[in-house]
Structures are given as C-alpha cells and as structure tokens.
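Biologist: Before I use any of these labels, I want to know what stands behind them. Please take me through the backbone.

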2 protein chains.
Amino acid sequence: MTAEIISIGDELLIGQVINTNQAYISDKLNSVGVFTDRMTTVGDNEKDILDAFKNAFSTHDIVAVTGGLGPTHDDITREVVCKFFDTDLIVDEESLENIKRIFAQRNLAPHKINEDQALVPRSCTAIQNKLGTAPGYFIQKNHKFFFVMPGVPYEMKAMMNEFVIPFLQKQKTGLVIRHLTLKTTGIAESFLAEKIGDINSIFSPDSGTTLAFLPSPLGVRLRISVKAENIAQAEKNISEVENILRKKACRYIYASGDIELEDVVGGLLKERRLTLSIAESCTGGLIADRITNVPGSSEYFDCGVITYSNESKIYELGVPSYAIKKYGAVSRPVAEAMAQGIRTKSASDIGISTTGIAGPSGGSAEKPVGLIWIGYSDKKETLAFKMQFNSSGGRRIIKERAAQAALEILRRKILKIPEE
Amino acid sequence: MTAEIISIGDELLIGQVINTNQAYISDKLNSVGVFTDRMTTVGDNEKDILDAFKNAFSTHDIVAVTGGLGPTHDDITREVVCKFFDTDLIVDEESLENIKRIFAQRNLAPHKINEDQALVPRSCTAIQNKLGTAPGYFIQKNHKFFFVMPGVPYEMKAMMNEFVIPFLQKQKTGLVIRHLTLKTTGIAESFLAEKIGDINSIFSPDSGTTLAFLPSPLGVRLRISVKAENIAQAEKNISEVENILRKKACRYIYASGDIELEDVVGGLLKERRLTLSIAESCTGGLIADRITNVPGSSEYFDCGVITYSNESKIYELGVPSYAIKKYGAVSRPVAEAMAQGIRTKSASDIGISTTGIAGPSGGSAEKPVGLIWIGYSDKKETLAFKMQFNSSGGRRIIKERAAQAALEILRRKILKIPEE
C-alpha cells in the first residue's frame, strides 16, 4: 500500500510555517507497512486542492490530508471535500457535543463559527477530535482510503494514533517495511562512511535492504531500511546490519530510533544513581532545557545556573577571578572551575559547564566565534575539552552543537568510553 | 512567475527529517514576487524524481530542487538531472578548489568521494557552495529556470541569498506580492476573530488582500497578504490593514514579521537599561535559552538559575521553607519568592520565575498537569500569575507555553500595559 500526504495552507506555501505534519504522518504510516511516495503542499484555493485530491486519489491507495479545517473564512478544505466526493454538509451530533464540552471546560460559550465546525461532509465518517473543535473525516471508495485531519499538530497526532493507524492495521496487506536509525555524534559524514567501508560487504544491493547517511548539525544518523515477507524476517535483517554497524562505529552511536541524547544520559544517571548539576555560559540554559525535557529528570537533575557575566561566574561558582583575568572567560581553567564549582556547590556527583563564543560578535583571531570549552567534573577528576565549531550556521546552531557535545561528553564519561 | 519546490530524500518520506527547506525557499521567493503554488517531496529513486521534474518544469516558471547531492551512494539527484537535461558530468574546477580549501581548513585531505562532488552536469552552470563541498547547479531553458541546491539547510540558504534571489530579482516581472504577519499571544483564535470582527469591513474581497489566522501553541499569527501593481501600492495596502488590526487587538500583538518575543523583550530591556535575572523550575532553562538566543543579550541578562528541587529553591533563592511546606512548591507565594529571590541575589532590576507541573506525572485534582505560576518582581512590586495550560500537548508544549507566557508578562510589565 502506498500513500500520498497532502498539506493544505497558504501559510505553508509562503514559508511562514514549517510543515512538521508530513514527517509525523509518514513515520506513522510506515509503522503499519504503508510507504509514502509523495508529499504535496497546496494553498487554500479550490482549484489547487481539487487537482491535488484527483492526482493523489488516482495514483495511491491512501490519501492523508491535513489543514484548512479551522473556524475562520480562509479554511475551505471541508467545502472542497464535499465537491470532490459530490456531497453536502450535515451536522455530526457527536462533534457538536464535543465542541460544547471543550468550551464548557474553559467556562466559555461556543460562538456560531465554533458550532459550525460540527458540520461534516455527508458521505464521510467523522473522526472525533478530543483535543480540539474541528472533527476529521474519513471515506472509503474503490478500495481506497481518504482521510482528512486538522492541521494543528497535536490534534492530527491524536487522530492518527487513536483512529487512522489502528484502522489501517486491520486493512494491511503486502510486504513489511521496517526502519532502524542509529544516531551518531562527533564524527563527520565522510569519516563515518570511511569507518563503515563498502556497504556491499554488509548486504547485497538486491536484498531489499538500504543504508542512508543523514547528516545534521547534531550528528549523522544511519538509517537501515528493510523490506521483507514478514515481521520476523524484517527484524532479523535489520538486526544483522545493526550489529555490523555497531561494531564499526561503536563509540559514536549514542542511541537508536527516536531516542534523544538527553534521554540516554538521563537513563544512565538514573540507573547509576548519579546526580548532575550544570553551569552554562554560552549555551544559555539549553543543556538544562534538554535535560529537563525528560519526564522524571527531577530525580537526577539537582540544579543549573546560567552565568553570563564574569561576576556571576565568580560569585555563583567560585571561579577564581585571577583565572578569568589571566586566561579569559573562554578558557580551559575557567571551564574546569565552573564544572567543579557547580558540582561542589550543589553537592552533585557530576558537574558540567560550557563557556564559549556563540557569536555573531565577540570573536578574535585567537578565540574565534564557535570556540567552546566544555568542563566536566566528578569526584575523581576535573577536566575540559576544546571544541571549534563552524561559525557559518549562526549563533543558534553553535549553541545547539555545544549542548550536544556537552551531553555526549557526559555520556562517554559515565560509560567510561576512553578518549580517541 | 510561479514556482514549485521539489525536495528529494527518503529521510523526508519516512518522516525522519522535518522539511524546513521548503518554507525557507518559498519565503525567499515571495520576497522577489515569485509565488510558490506547489511543494512536492519524493524519495531517492530515479523514476519519482524524473516524474517530479517533468511535472514541475512543464507547469511552473521556476523549479527549485534540494537534496540528494551528498557524497554517499544514496544521493542520486545529480545523475537524474543529467538524464532529465540529457547531459553528462564534467569537473567544475572552481568547485574542486572549494572542496580542497574546505578540507585544508580542517587540516584534512579530501577523500575520493569528496573530490567527486566537483562533478557537475555539463549543460548546467555551477552555483558555488562556500559552506560545504556539494556545488549547486542552475539551468535556463525555454524562459524557465531550474535550480538544484544541497539539502543541508545552511548551505541551501547561502545559495538562495547569494545567488538565486539576486538572480531572480533581475529577471522579475509581474505583480508585487507582500506579506506582513502580526504575532499575538495570550488569546485564542476564535476570540481574536471576534475582536477583529467582519473582515469585509476592513478590505473588500476582490481587493487582492487576504487575512489569515494561523494558530500555534505559542499564539495566533495574523497574516496580511496583498497583491499590487507596485511596491509602494502594496506597502500602502498592507499598512492600512495593519493599522486597523493593531487598533482592534493592540494588547495581544507583540511583534510583526520574524521577530520573536525574546527579541522584543531584549530590545525593551536594552532600551530602558534594565537588567534581568531568571529563576526557573518547570521551564527548566528554556526561558534563559530563549533570552540568550538574542545576540548581545549579555548586556541585560545577568544570570539564571534552574532550581528543580525544593532544597535549591530554598538555598539558591531564599524561598522560605515554610512557604513550600504550607502552599506547596507550585503556588503563588513560592513563585513570588523565587522572582524576588533571584532579583535581589543578582542585584537585577527585574526577576521572573516559573514553578509548575509540566507532567506527564505529578499532577493532582487540585493542581493538575499544566498548572504554572509565573512570578514577576521589580523594585516596586512582586506578584505572580496563575496559568492553566491544556495538558494534551505534552510536557514540551507545556514548557514552551509557560516560557512564552513568562516572556509576555515581562513585555506587558515593561510597557506598563494594564491587566485586563
């Protein structure tokens, strides 16, 4: 079964909103063996939407549409669905109840435009929206499936998980597709390719298995994809390739799948009953933000400080003022003193720190933009690592790379992975 | 002139990577009067790429392609471009020099697969890539333009800004398109629509002007779009609608265009020579991360602390232990004590704080997940605001909403906007 995903909205075409729905939907469809082979985005106008519907429904088994279901005048998806399936609108009582319930929860009365959202195309089946006022719809015709969902990501996600995916799981036939992604950091794409070597020695080109290198500022992901007759065979094929890749690039692989580095580090801290505190300068709170994205992080995260000024480094962390004077705030001694300072102050097992030049200004020939020192301190040792990131990605990318590098140092230290 | 944007990459179709390039390219094309009316995503396979090229080049004046130019075996865009334009590959000497330069900067020698990236389709013109090893290409045929760029966002962005946009500016004809977005926060879409009232009283339906409501967890954006004969007329039309909207929804509009709330707050602090310190519990560093995303934020941002445990709230911020015992850590008195504590400790003009339940666990009937107290303290007053966010978006969305609400409170306090 193949699918096309259609996103509707002028805000997408003019580049105001980044489309995260397509990636989410295709990932979920994949999990039930449906492969998306095209994604299309069109604006809020009848002709383009109709063309996209015709084109998609004539060439794919499944069409998933999002967007244009809001209460305001610019949302026309529902009317075009009526036209495409030659039907009209009726009130869906369950959707109307849902709208009233949502407004009552907020102690508000629904307006007319909100109540009108309970109108759904007659020949469709409504998909209830527990998180918002716009119902989705679903129609089955000529053994094909046409789903319409709101563009609001969390509403769409709930419909995918609670209705669309369970529904398709029941209908599913054909080959099983499985993917596994191994996430690496701290190594460039071409060097990683070199370490892995000739892929034809890992699997044959006609085995239905592929390997892709996906670079990003935070690291290169290795995606293994397999097609097989059944789940057991698919999992076996994936696992064979995974084992070989893990042998060849062991120290760089920090996780597989959707797992983030902060999840891995959090898991390690929890499992080993270690506590962490963080002293950030150039990363400005981003490391703590990532650490605290993990539910339950309060078990191992003691406290964080963001010491932007020299005074706060001295006052909050006990960094010696002569070290700042002699070596500068962006230096090995200051990074080390920050990591040790936050660790002892908060009586944590581990302290980490960052101090660097995120730019765009503040760089010099000796200390260019992108230079970051990362400090690490535990009860046995205190040390610091120098990183020089490319400054061309800008301030935010430098912050993100520095935070990633700090978390990776933490991971390798906890796991006692020796330095290269 | 109309455009289609084609993104190539299996990683996009399986939902592993969110496509940010399409939004960026369409926004830039818009700025020179080129309207994107379709975006298509296909995988790394010859047939689908060729179909997309044919379809796009036959119906649009401009085709912008990204992705599949990397050094590894899964990147086939270059070969398909050769097939589509019936040409072969030659070495582009400038690109080869560039590859050698980039490797020399890193003190590395290029591998064969890196040097091969200097091969470009013979009938195309190379677009140099200062930030990476893969050159782009460009071909003009039948008064149409076909651009191919790398999928790595910052490399593509540099090519758009340094080559594609200046090039198109020279070719441009036709109507001028302009957009303006007004960003609001703290009001739901339907209530904002109510405040704005009948849009036909603001502009007529056939005036070439449109208004769209774009909701997100951080607020609703109002996008005004106009088409006009010339720039002066377009700007006049935009400005008229803007003035009316600003009158109707004044207190909720914090910025226009790409400006973020942290930019606005940072500008206000700088202009008024005020300093800020931040004490975060449930937002875990996110407010400080946003504040420090702004270049030059060290001028007004003193220091931040992330006090996750009760002990650190008491020890770092001087929150009275009886307040935590009597009212709980998520309460008005604790939020106020945190804001006042960080302000006095760091001798800042303003202190803000957050304490709440980000979930998914830790909620109760009395204090459900999504309950956040935001504290504010300056030399004249210390107070706190209660927020109850919908818990359905999950932990990260709650953190983001709480950080946004805290920054908005800061903005309204600095501007002395009275409470509703």
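Modeller: Helices (H or I, at least four residues) and strands (E, at least two) are DSSP runs, numbered from the N terminus. This is a predicted model, in which local features need pLDDT of at least 70, side-chain atom pairs count only at pLDDT 80 or more, and totals for chains, interfaces and linings use all residues. Residues are numbered from 1 along each chain as its sequence is written, while chains are lettered from A and ligands numbered from 1 in the order in which they are written.

Biologist: Where does A:Pro360 lie?

Modeller: A:Pro360 is in the chain A loop between β15 (350-356) and β16 (371-377). The bond leading from A:Gly359 to A:Pro360 is cis, with omega near 5°.

Biologist: What joins B:Gly359 and B:Pro360?

Modeller: A cis peptide bond, with omega about 0°. B:Pro360 sits in the loop between β15 (350-356) and β16 (371-377) of chain B. Most peptide bonds are trans.

Biologist: Why is A:Arg273 called exposed?

Modeller: A residue is buried if 20 or more other C-beta atoms lie within 10 Å of its own, exposed if 12 or fewer, and partly exposed in between; C-beta atoms are placed from the backbone. A:Arg273 has 9 other C-beta atoms within 10 Å, so A:Arg273 is exposed. A:Arg273 belongs to the loop between α10 (261-271) and β13 (276-280) of chain A, and its phi is positive, near 50°.

Biologist: What makes B:Lys416 count as exposed?

Modeller: B:Lys416 has 6 C-beta neighbours inside 10 Å and therefore counts as exposed. B:Lys416 is in the segment after α15 (395-414) of chain B. Although not a glycine, B:Lys416 has a positive phi of about 55°. Most residues other than glycine have a negative phi.
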